[in-house]
Each structure stands twice: as structure tokens, then as C-alpha cells.
Amino acid sequence: MAIFTETRVLPVSSYRPSRETLAVAAALLREGWPVAFPTETVYGLGGDALNPVAVRAIFRAKGRPPNNPLIVHIAEPGQLQELARKIPQVTHKLIDWFWPGPLTLVLKRSPKVPSEVIGRLDTVAVRMPAHPVALALIQEAGTPLAAPSANLSGRPSPTTAAHVLRDLNTRIPLILDGGPTSIGVESTVLDVTSSTPVLLRPGGTTVEQLREVVGRVALSPKAAMLTRSPGTRHRHYQPRVEVVLVLPRAELTGVVEQYWSRGLRVGLICSETARLPRRPDVKVHVLPESISGFAKGLFAAIRALEESGVDMIVVQGVEERGLGLAVMDRLRRAASLVVDEHGQAVVTA
Ligand code: TXA
Ligand code: MG
């Protein structure tokens, strides 16, 4: 679906985005075109959230199923008023603590939000990103921006402009390149329409941080099921090669050996401290031991290994706390097999 002869990539300073560059992007947005831009989590594909034509163009560019609603991005908390109604008290507390930042709040929608953004829901998901380029772009466009992650539907979220270009070249007119994103996993999605906030998607703001501020946070039945029972959730990310997730306390070397001995070209993603198999032909992508470093590099590592021509990817998992909850959520969705600490494999595809 090429509709542009080329996709322009304009570098933009993350500290002081140039007015001219922002003006080019904002002009496209006002005409209803989608533009990719950096946020602190992953790159987004933005369009005027109040223009149904612009929102449809986002879905088309990504090949995204229309029933999957979009997050609306705003540049200041005051913009929430025109998007949501019946804003509960807890929202203000969450905004004070976590905005701008990787927390998306699900609220009752205002009638101003086009149904293209939210599908058949009566709610709208809103976040104020903590990235100077994203904030300046929303301001310059003069409208909230609906923005899913800027990948082709089903692919890992992009954490660099090069990832966006790989997926969306000739499908969108412009990418603002602000360098690699700092968090590397998407925002946390929290439903605040019921008396106890419900976690719909773990992400860059941790459950522990949320509980410190608002007390109780419930896991949605879906999220809870996903952590306990990987066999019951739907595939979301579809890396081009099979992914095997090895739980943190399981023995990694044996799993790699098992595939290697079948003649498969194995790619391995693990942290610095892992005991590595001594096989020269296993492509190893080492990530920092800190969970923030691991999260930041994970999607890029998956994409790099895919491109390097491996037959399959083995990933060593992390503990499911803090940012690790979001990391494992994404890995479980990507994996077709999970190996537990007893060496038992659970087929999930
Ligand atoms: O960090 C992020 O959240 C990135 C950056 C670009 O902001 N965006 C992102 O968007 O990850 P996307 O479209 O890839 O994921 C949005 C998630 C989906 O799981 C969607 O189902 C959920 O948010 N969502 C959107 N609107 C919702 C609503 N009204 N109720 C419940 N879930 C909603
Ligand atoms: Mg996405």
C-alpha cells in the first residue's frame, strides 16, 4: 500500500525541537495526514484525534483492525476536559503524580471524540507523554493526537525512527527522528471508570508506583490470566521467527543447545549475567542487567535478530515485578513456547 513516493525522515532535537521542523509536521497533521514522532515509551503514529478522516488514515497506514481503539495524546492536563466526562477524583491524583509520563488513563468519553478513535466503546484512553518533541508537536498541531505505536499492526513497537521506516516506508509522509526512545515499552493503561482502578496493560509506570499513590489497583481478568496462564491469551506481536521464552529461573543453556543441535540458527536475547552457551554460531544479543536497560533494548534486539536471518529466537525472561511485568507481558504475547523452571515447555501459539 504505497501512497507516498518516499517517507521523509527529519531529525529533531529532543531537547529543543526546531520550530521549522515542527511546523512541517503540524501542517501535515492539520491536513489529516499521519506523522510518526518519538515519545518516551515508543514511537507513535499521530493523527488529529478530532478528525475522523485523519484517524482512519492511521488505521490504514498500520493495517490495524478497526476495533482496536487508539490512545489520545495531549500536551497539558487541561485538554482532558474536552475528551472525557465524569472525571473521577482519583484521576487528578494520578495526573499530579504521573503526568507527563507513561500512564494512559481510560475515562468516560466525551461526545467530541469520534467513534473512529474508540470503536464501540463508551470510554477514551488519554495520556500526556513526557517527551519534548511529542508535547511540542501536539501544541503546534493545535489538537490532541490519536497515536498508536508506529509499527505495522502485529509487529514489535518501534523504539527508533529506523524501525518506523522499516515498517511504514511509503505508507506515511513523515517521521520525526528524535533518537532512540528512553523507556522502550509502551505506557501502562489504567481504567479509572470504576471505584478501584483496573490495570488493562502493564507498561512504563509500574503497578507498585500506582499502588503507592492510589492504594488498590486491580488486575483486569485478562491481564491476570496472562501472567498466570500463558496458554490462554491471544497472540499480539508476531515476530517473523518463532520466539521461545525461558522463565528467569529455568536453565537457559540447555534450551539453546536443544535447538542448536537440530541445526537451527538460534538467536539469543539475555542479560549480561546469563551463562552463555559456547557456540560460535549462536547469535547472542546481550541486554543490560538492569530491568530499565533490558526494557529499553528489548524490541530493538528482537528486530535486529530477525533481520540477521536466525531461524528462531530464545529470550531469557525477567522477574515479573516493576517494569518486568510489562516486559514479560510483551514476551508472553510474542512467544509460541514458554519454558518454565522445571524445563517444562508450555505451547502458547
Ligand atoms: O506508550 C504508548 O502507549 C504508545 C505511545 C505511542 O504513546 N502507544 C501505544 O498505542 O502503545 P497502541 O495503540 O499500540 O496501544 C494502545 C492500547 C491498546 O492495547 C488498546 O486496546 C488500548 O490501549 N486502549 C485504547 N483505548 C482504550 C479504551 N478506551 N479502553 C481500553 N483500552 C484502550
Ligand atoms: Mg501497539
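**Entry 1: terms and basis**

I count as a polar contact a pair of N or O atoms within 3.5 Å; within protein, one must be able to donate a hydrogen and the other to accept it, and residues adjacent in sequence count only if both atoms are side-chain atoms. I am working from a predicted model, in which local features need pLDDT of at least 70 and side-chain atom pairs count only at pLDDT 80 or more, while totals for chains, interfaces and linings use all residues. Residues are numbered from 1 along each chain as its sequence is written, chains are lettered from A and ligands numbered from 1 in the order in which they are written, and side-chain values use heavy atoms, with hydrogens and water left out.

**Entry 2: ligand 1**

I looked up the polar side chains at the ligand. Arg64 places a polar side-chain atom 2.9 Å from an oxygen atom of ligand 1, and for Arg127 the corresponding distance is 3.0 Å. A side-chain N or O atom of Ser187 lies 2.6 Å from an oxygen atom of ligand 1. I then checked burial: ligand 1 taken alone exposes 680 Å², of which the protein buries 88% (Shrake-Rupley method, 1.4 Å probe).

I listed 24 residues around ligand 1, of which Thr41, Arg64, Asn68, His73 and Ser187 come nearest (a residue is near if one of its heavy atoms lies within 4 Å). By class, I find 13 nonpolar, seven polar and four charged residues in this shell; Ala, Val, Leu, Ile, Met, Phe, Trp, Tyr, Cys and Pro count as nonpolar, Asp, Glu, Lys and Arg as charged, and the others, Gly among them, as polar.

I also asked which element gives the most to the shell. It is β7, with four residues (strands are DSSP runs of E, at least two residues, and helices of H or I, at least four, numbered from the N terminus).

**Entry 3: helix pairs**

I took axes as lines fitted to C-alpha atoms, for helices over the stretch in contact, with angles from 0 to 180 degrees between N-to-C directions. Angles under 35 degrees count as roughly parallel, over 145 as roughly antiparallel, 65 to 115 as roughly perpendicular and the rest as oblique.

The axes of α10 (residues 291-307) and α11 (residues 324-334) come within 10 Å and cross at roughly 30°, so I record α10 and α11 as roughly parallel.

For α3 (residues 89-98) and α7 (residues 207-214), the axes come within 10 Å and cross at roughly 125°; α3 and α7 are therefore oblique.

The axes of α6 (residues 161-168) and α10 come within 11 Å, crossing at roughly 50°, and α6 and α10 are therefore oblique as well.
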